[in-house]
Amino acid sequence: MPTFHTYDGTELAYHTKGEGTPLICLPGGAMRASAYLGSLGGLAARRQLVLLDLRGTGHSAAPEDPATYRCDRLVGDVEALRAHLGPDRVDLLAHSAAGDLAALYAARHPDRLRNLVLVTPTTRAAGLPFVEREAREAAALRGAEPWYADALAALEEIWAGRMTDELRSRSRPFMYGRWDAAAQEHAAASPAQINAEAAVRYAGEGAFDPAATVPALRRLQAPVLVLAGEYDHLITPDRAAELAALFPHAEFAVQRGAAHFPWVDDPGAFVRTVAAFLDPEVHSVRVGGTRLAYRVWGDPAAPPVVLAHGRCGDSTTWTRIAAGLAATHRVYAFDFRGHGLSDWTGRYSFELFRDDLHGFLEARNLAGATVVGHSMGGAAAYLLAERQPGLIGRLVIEEAPPPFPLDPPRPVPARPAGELDFDWPVVPSIDAQLNDPDPAGRELLGEISVPTLIIGGGPRSQVAQEDLAWMSGRIPGAELVTIDAGHLVHAERPEEFLAALRSFGV
C-alpha cells in the first residue's frame with residue numbers, strides 16, 4: 001500500500017486498482033475510508049483508480065491538529081497527492097461530500113485539472129444549500145417500496161434535527177436505487193469506515209466561501225461531468241444541475257434508477273457514462289433524453305460523413321474506414337442506444353435506432369451529411385431517408401436487412417454467458433422485427449429521393465442478395481455494388497469499400 005507525506009507531515013495512504021491513466025478518486029462520507037468506492041462498478045477495467053484515504057480515515061494517519069480535518073484544509077492533501085504522483089494535470093473524481101473538496105481544489109488549482117467528475121456531489125462550497133422540499137419530492141418517488149414508511153419516518157426525524165446512528169441506519173434504503181443484498185452489504189460497512197470526529201469538523205465554520213469559490217468555478221477551463229442519481233434525495237438532480245450550470249464546460253447526466261451510489265445501483269451505466277466522458281476520443285450528445293457517444297475524425301470544415309454501425313457493434317468498428325475518409329471529410333461515428341458507451345435503455349427497435357440517427361444529425365447540425373449505415377444502421381438510415389428526405393445528402397446502405405419477413409423466422413435466442421459490449425435485449429427485439437417487419441418500410445422505399453448506393457457482400461453474406469437488388473430497383477436512381485466479402489464488407493475489404501464510396505462521390 002503506497003503512502004506519501006502531505007504539507008504538514010501527515011502520512012497519507014492511497015490504493016490503486018486497475019491500469020492505465022490514473023484517476024484520483026476522493027471519497028465522501030464525509031470522511032469515509034475509500035474502501036467503499038471499490039472498483040467503482042468496474043471503472044478500474046478502463047482506468048487506474050487512485051483511491052485516497054483522507055487523513056484520519058482508512059490507512060491514513062490522523063493529523064496532530066484536528067482542525068486540519070476541515071474541508072478547505074484538505075485541499076493541500078489532494079495537491080500533495082498530485083505532486084507525489086507526478087503529472088502536471090490530473091483527472092479527478094469526487095463522490096458525495098468530496099464534491100465540496102473537489103470544488104475547492106478546482107478553485108485553488110484550476111491549472112492542475114485535466115478533467116473533473118463529480119458523482120452525486122454536495123454543493124455547499126458553491127453556496128447551494130440543501131432544500132428539504134426537493135428532498136421530500138425525491139423521497140416520494142420511492143413510495144411503492146416495502147421499506148418506505150419506516151425509512152421515511154427516520155428521515156423525518158433527521159430533517160427535524162435529530163440524528164442518531166439508528167435513524168441513519170433506518171433511512172439508508174433511500175441511498176440506493178435497489179435495496180438488494182449488494183446495497184445492504186455496501187450500507188452495512190459505512191459506520192466502521194467513517195471517522196465521526198473528522199466528519200463533524202469537515203464542514204466546520206470557515207470551510208466554505210462561496211463568494212470566492214463560485215467566480216473561480218465559472219472560469220474553470222477543464223471539462224466537468226456532474227452525475228446525479230434519479231432517486232437521490234441528498235443531492236437531487238435539480239440541485240446537481242444547478243452546480244453543473246456554474247462550470248463553463250460541463251456535462252450533466254442523470255443515471256436512471258440510481259440514487260446516491262450509482263456505481264452500486266447499475267455498474268454498467270455508471271462506467272459507460274464516466275468512461276465516455278474521460279476518453280479524449282469520445283464525445284457525447286443528448287438525443288431525446290438518451291446519451292449517445294460518438295467519435296470524430298478530420299477537419300471540422302470538411303464535408304460531413306456519418307457512420308452508423310450494425311447490431312452488436314459500436315463506433316470503433318468504423319476506425320479503418322474513418323481514417324480513410326478523414327483526409328477529405330469530417331467523419332462522425334456514433335454508438336446507437338444499447339451499444340458501446342451510449343445509454344443502454346432496455347427498449348429497442350428499428351424505429352428507435354432511426355430516431356437516434358435523426359436526433360444525432362440534428363443535434364450536431366449535420367443536415368445534408370452523407371450517411372453510411374451497416375446492417376442495422378443501414379436499415380435505420382433508409383427508414384430515416386424515407387421520412388426525412390431533406391436531412392440526408394447521400395445515402396450508403398451496406399448489407400442492410402431488406403424489409404421482407406425472414407423465412408424461416410429466427411427462434412427466440414438464448415443470451416450468451418459473460419459480459420457483453422451491448423445490451424442483450426437488442427437481439428431478441430430486432431430479431432422479432434426481422435421476422436415480421438413493418439410493411440411501411442418496404443412501401444416507402446420509393447420515397448427516398450437522395451442519391452443512394454447499396455453495397456452487398458455477395459454469396460457469402462447471410463443477407464439475400466436478390467433482396468438487395470430488389471431494393472435498389474425500388475429506390476429511384478439507386479446504384480448496387482457487390483463486393484465478395486460476406487456481411488462485414490467494410491471490415492473485410494476496407495480498401496474496396498472505400499473505393500466504392502469514392503466512385504459514388506463520397
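1. Arg239 is buried in this predicted model, with a relative accessible area of 10%. Its side chain meets that of Glu242 in a salt bridge, at 3.2 Å from N to O. Both residues belong to helix H10 (residues 237-244), where they sit three residues apart, so about one helical turn separates them. Glu242, for its part, is partly exposed at 35% relative accessible area.

2. Next comes Arg70, which makes a salt bridge with Asp72; their closest N and O atoms are 2.7 Å apart. Arg70 has a relative accessible area of 22% and is partly exposed. Asp72, at 14% relative accessibility, counts as buried because the cut-off for that class is under 20%.

3. Do have a look at the salt-bridge network that links Glu79, Arg82, Asp88 and Arg112. The count for the model comes to 30 salt bridges.

4. Now to the strands. Strand E3 (residues 22-26) is mostly covered, with four of its five residues buried. Strand E4 (residues 48-52) runs parallel to E3 and is joined to it by four bridges; within this pairing, Leu23 stands opposite Leu49 of E4.

5. E3 also pairs with strand E5 (residues 90-95), again in parallel and through four bridges. Leu26 has Ala94 as its bridge partner in E5.

Definitions and conventions: Residues numbered from 1 in each chain as written. Predicted model: local features only at pLDDT ≥ 70, side-chain atom pairs only at ≥ 80, totals over all residues. Heavy atoms only, no water. Buried < 20%, exposed > 50% of the residue type's maximum accessible area, 1.4 Å probe, protein only. Helix = DSSP H or I, 4+ residues; strand = E, 2+ residues; numbered from the N terminus. Pairing = 2+ DSSP bridges. Salt bridge = Lys/Arg side-chain N within 4 Å of Asp/Glu carboxyl O.
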